[in-house]
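This report concerns a single protein model and the way its parts pack together. The sequence and coordinates are shown first.

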Amino acid sequence: MSDILHCPNCGHHINIAPGETAGYCPICDKEVPKMGLRPCPFCGGEAKLKHGFPRQQRSGIYQTLIQCKDCGCRTLVFRQLAYESRQDVDKQAVTTWNRRK
């Protein structure tokens, strides 16, 4: 299954094939790099960026979180503010997940 991210310029969904480190945005005609996630700090499992939660969606606000595929450990839910792009919300979630003290 391919990963999906958003183009930082136009917001278009980009599919990234398994094993690839970047995708291509046909609208901007640019390569879009994949944001790297570190392994889970608790079990070392693979983490995944998850978008939107239909039952909890409020007024079409974009939501995202990062969750371990193995143990289920996750970040808080990050919600898009009026002045933020979807990419800003994704970057905030990735930065939070990758932070280690």
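The text below treats the confidence, the fold, the core, the helix and selected loop residues in turn.

**Basis and confidence**

This is a predicted model, in which local features need pLDDT of at least 70 and side-chain atom pairs count only at pLDDT 80 or more, while totals for chains, interfaces and linings use all residues. Residues are numbered from 1 along each chain as its sequence is written, and side-chain values use heavy atoms, with hydrogens and water left out. The mean pLDDT (the predictor's confidence in each residue, from 0 to 100) of the chain is 79, and 78% of its residues reach 70 or more. Confidence is lowest in strand S1, residues 3–6, with a mean of 66, and highest in S6, with 91.

**Fold**

Of the 101 residues, 32% count as buried, where buried means under 20% relative accessible area, exposed over 50% and partly exposed in between (1.4 Å probe, protein chains only). Contact means heavy atoms within 4.5 Å. Among contacts between residues at least 6 apart in sequence, 34% join residues at least 24 apart.

**Nonpolar cores**

A nonpolar core is a set of buried Ala, Val, Leu, Ile, Met, Phe, Trp, Tyr and Cys residues joined through side-chain atoms within 4.5 Å. The largest has 12 residues, among them Cys-40, Leu-49, Ile-66, Cys-73, Val-94 and Trp-97. Strand S5 (47–51), strand S6 (63–68) and helix H1 (86–98) each give two or more residues to this core, and H1 gives the most, with four. A second, separate core of five residues includes Cys-7, Ile-16, Cys-25 and Val-32.

Cys-73, a member of the largest core, is in contact with Cys-40, Phe-42, Ile-66, Gln-67, Cys-68 and Trp-97, leaving aside neighbours within four places in sequence.

**Helix H1**

H1 has 13 residues and reaches 18 Å from its first C-alpha to its last, close to the 18 Å expected at 1.5 Å a residue; the expected span is 1.5 Å times one less than the number of residues. The buried residues of H1 are Gln-87, Val-89, Asp-90, Ala-93, Val-94, Trp-97 and Asn-98. Seen down the axis of H1, these buried residues fall within an arc of 160°, so they line one face of the helix; the arc is that of the directions from the helix axis to the C-beta atoms.

| Residue | Relative accessibility | Class |
|---|---|---|
| Asn-98 | 19% | buried |
| Leu-37 | 28% | partly exposed |
| Cys-43 | 40% | partly exposed |

Asn-98 belongs to helix H1, and its side chain reaches the backbone nitrogen of Arg-38 at 2.8 Å. Beyond four places in sequence, Asn-98 is in contact with Gly-36, Leu-37 and Arg-38.

Leu-37 is placed in the loop between strand S4 (30–33) and S5. Not counting residues up to four places away, Leu-37 touches residues including Ala-47, Leu-49, Ile-66, Val-94 and Trp-97.

From Cys-43 to Cys-73 the C-alpha distance is 9.0 Å, with the two residues 30 apart in sequence.

Technical notes:
Polar contact = N/O pair within 3.5 Å; in protein donor to acceptor, adjacent residues only side chain to side chain.
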